[in-house]
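Dear colleague,

I am handing over the structure we spoke about, and below it you will find my notes on what turned up when I went through it. Please read them with the model open beside you.

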Amino acid sequence: MSRLVFKRYSSTITIKSTPSKAHHHQPIPVSSFPSGYLLTGVHAGVKKKAGALDVGVILSTSERPTSAAACFTRNAFKAAPVIISEKILGENVGRARAVVVNSGCANAVTGAQGIEDAWAMAKETDVLLSPNSSGLPPTTSQTLVMSTGVIGQNLPISKILSAIRSQRDGSQQTLGNDFNAWERAAKAFMTTDTFPKLRARKFNINGVEYRMAGMDKGAGMIHPDMGPPALGPLHATLLGCIMTDAAISPRSLQRALTYAVERSFNSISVDGDMSTNDTILLLANGAAAEKDGVKLKEIDEGTDREAFEVFKRELTDFTIDLAKLVVRDGEGATKFVTVTVKGAPTYEDAHRIASRISTSALVKTALYGEDANWGRVLAATGSVPLSSPLHANKVSVTFVPSDGSIPLPVLINGEPEKVDEARASEILSLEDFEILVDLGGGETAEAAQYWTCDFSYEYVRINGDYRS
C-alpha cells in the first residue's frame with residue numbers, strides 16, 4: 001500500500017515590513033477649507049485605546065439650506081446608521097446640515113437597539129445646530145450618521161451621547177474650522193488606518209471661487225459597491241465625508257456624487273470584501289455662493305449644464321484622490337497598483353475586468369512576491385463575462401513603471417513576449433506601478449481604472465486577531 005508523503009517547501013520570498021505611510025498626511029492651509037463648517041473629533045471611549053478620538057461631529061453653519069447627497073453600501077446587511085441616514089435623506093428630500101460618526105463599533109447587525117442608538121446619535125447632534133432657514137419641520141432630524149468598527153456589537157451609546165453633548169458649550173467644546181479641527185474629525189473616522197486621510201482644494205465656477213474638503217477612512221474590508229439612496233425622483237468599511245461651500249441643488253448634487261463614486265470609491269479594492277457600513281456623504285452649504293454681493297442660485301444640471309459639469313469633474317477628481325489614499329493605507333500593503341483596462345466594448349466591461357484583476361488573490365500575492373506572473377492577470381481577465389465576445393488574439397498586457405522608465409510588454413496581441421525577468425523585477429520592486437490590459441478594441445473603445453494593493457503576511461496578522 002502506498003503512502004502520501006507531504007513535503008514542506010521553503011519560501012524564497014522575504015517577509016517585507018510595511019512601509020511608512022505617514023508622509024501622505026500633511027498640514028493644509030486654512031484658506032483651502034470651505035467656509036460655513038464647524039468640526040471636531042473627541043474621545044468617547046468606544047475604542048479601547050485611552051484618549052483615541054472616536055466620535056466626529058461636522059456641522060454646517062451656513063444661513064442657506066444645505067444640500068446633501070450620499071452613496072451607501074448595497075450589502076443586504078445594511079448597518080443601522082445606513083438605514084436611518086437613507087431615511088433622513090428621503091424625508092428631507094436631499095437636505096441635511098450635520099454628520100456624526102463613531103469608530104470602534106460598526107452598529108451593524110444589532111437589531112432594534114442598533115436603530116434606536118443611531119437615531120439617538122442623530123437627535124443629539126441636531127441640538128448642536130443653530131436655527132436656520134432650512135424650511136424643514138423642527139421634528140425632522142438634519143443629521144446623517146456613520147459608524148465603523150466591529151460588526152455585531154452594540155454601541156456604548158451613553159458614552160457617545162455624552163461626547164456629543166460636550167460640544168454644546170463650555171470648556172470641553174472643541175468645534176472649530178482650522179486645520180486642527182479638520183484633522184481631529186478625520187482622526188475620529190480611523191480604525192486600522194495608519195494616518196488620517198484629509199484633502200482640500202479650490203476651484204472656480206462662473207468666476208466664483210469655491211472650496212472643497214473631505215476625509216475618509218478605510219484600510220481593510222475594502223471593495224465598495226455603493227449606490228444612491230432610494231429617494232424616488234432623486235437620483236466602504238469605507239466611510240467618507242466631503243464638504244463644499246458651493247451651492248448645488250439636491251438633485252444635481254446626488255447625480256454628481258453617484259457619477260464620481262462609480263469612478264473612484266467603487267473602483268478600489270484592498271481585500272475584495274464589501275462592508276455593511278460603506279458610506280460616502282457630500283454636503284454643499286452655499287456659504288461661498290456670492291458674486292458682487294449677490295447671493296447666487298443653486299447650480300442645477302437642468303438650468304446651468306456647463307457649471308454642473310465643472311462641479312462634477314472637480315468632485316470626481318477629488319474623490320479619486322481620497323479613494324487612492326484608502327488603497328495606499330491598505331492593511332499590510334507594500335504596493336499601490338493601478339489596473340487599467342482599455343479597448344473594451346463598454347465602460348462596464350472594462351470596469352468588471354479591472355475589478356476581477358484587482359481582487360484576484362493569486363494576482364495580489366504575486367504582487368507581494370514581486371513576481372510578474374502575467375498568466376494570473378490573463379486568467380482573471382478571461383473569467384469575466386462581457387457584453388460581446390473577447391478576442392484573445394487581440395489582448396495585450398504591459399507592466400508600466402511609475403518612474404517614467406520604459407514599460408515592459410509581456411503579451412502582445414495574444415502572443416507572449418520573451419520577458420526580461422530582471423527588468424520585470426525592477427518594475428515590480430517599485431512601490432507604485434501599473435498593470436495595463438488592452439483588449440484590442442481600438443481607440444474608440446471604452447476604458448476603466450481600478451486601484452488595488454498586494455496581499456502580505458501582515459494583512460493576515462492584522463485580520464487574524466482583529467477583535468482581540
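This is a predicted model: local features need pLDDT of at least 70, side-chain atom pairs count only at pLDDT 80 or more; totals for chains, interfaces and linings use all residues.

Which residues of the largest nonpolar core touch the most other members? The core in question holds 56 residues, and the members with the most contacts to other members are Trp182, Met215 and Met243. If residues up to four places away in sequence are left aside, Trp182 touches Phe33, Pro34, Tyr37, Leu39, Asn177, Leu198 and Ala213, together with Met215 and Met243. Another core lies apart from this one and has 47 residues, including Leu282, Ile299, Ala323 and Ala333. As a general background, nonpolar side chains in soluble globular proteins tend to be buried together.

On the surface, by contrast, there is a nonpolar patch formed by Phe77, Val109, Ile151 and Met221, whose accessible area together comes to about 360 Å². Phe77 is found in the loop between β3 (67-73) and α1 (80-91), and it counts as exposed because its relative accessibility is 56%, where the cut-off is over 50%.

Turning to the aromatic rings, a search of the whole structure finds five aromatic pairs. One of them joins Phe203 and Phe311, with 6.2 Å from centre to centre and 55 degrees between the planes, and is tilted; both Phe203 and Phe311 are buried. In the pair of Tyr368 and Tyr457 the ring centres are 5.7 Å apart and the planes stand at 70 degrees, so this pair is edge-to-face. The pair links distant parts of the chain, since Tyr368 belongs to helix α8 (residues 361-368) and Tyr457 to helix α11 (residues 457-464), 89 residues apart. Tyr368 is buried, with a relative accessible area of 3%, whereas Tyr457, at 41% relative accessibility, counts as partly exposed. Ring pairs also link Phe203, Tyr210 and Phe311 into a cluster.

Finally, two backbone details deserve a look. Asn107, although not a glycine, has a positive phi of about 50 degrees; it sits in the loop between β4 (98-105) and α2 (111-126), and it counts as buried because its relative accessibility is 0%. Asn413 likewise has a positive phi of about 50 degrees without being a glycine, and its place is in the loop between β16 (408-412) and β17 (415-416), but Asn413 is partly exposed, with a relative accessible area of 45%.

With best wishes

Note on methods
Residues are numbered from 1 along each chain as its sequence is written. Side-chain values use heavy atoms; hydrogens and water are left out. A nonpolar core is a set of buried Ala, Val, Leu, Ile, Met, Phe, Trp, Tyr and Cys residues joined through side-chain atoms within 4.5 Å. Buried means under 20% relative accessible area, exposed over 50%, partly exposed in between (1.4 Å probe, protein chains only). Contact means heavy atoms within 4.5 Å. Helices (H or I, at least four residues) and strands (E, at least two) are DSSP runs, numbered from the N terminus. Patches are made of residues with over 30% relative accessible area and no salt bridge: like charges are joined within 9 Å, nonpolar side chains (Val, Leu, Ile, Met, Phe, Trp, Tyr) within 5 Å. Accessible areas come from the Shrake-Rupley method with a 1.4 Å probe; for residues, only the protein chains shown count as cover. A salt bridge is a side-chain nitrogen of Lys or Arg within 4 Å of a carboxyl oxygen of Asp or Glu. Rings of Phe, Tyr and Trp (its six-membered ring) pair if their centres lie within 6.5 Å; planes under 30 degrees apart count as stacked, over 60 as edge-to-face and the rest as tilted.
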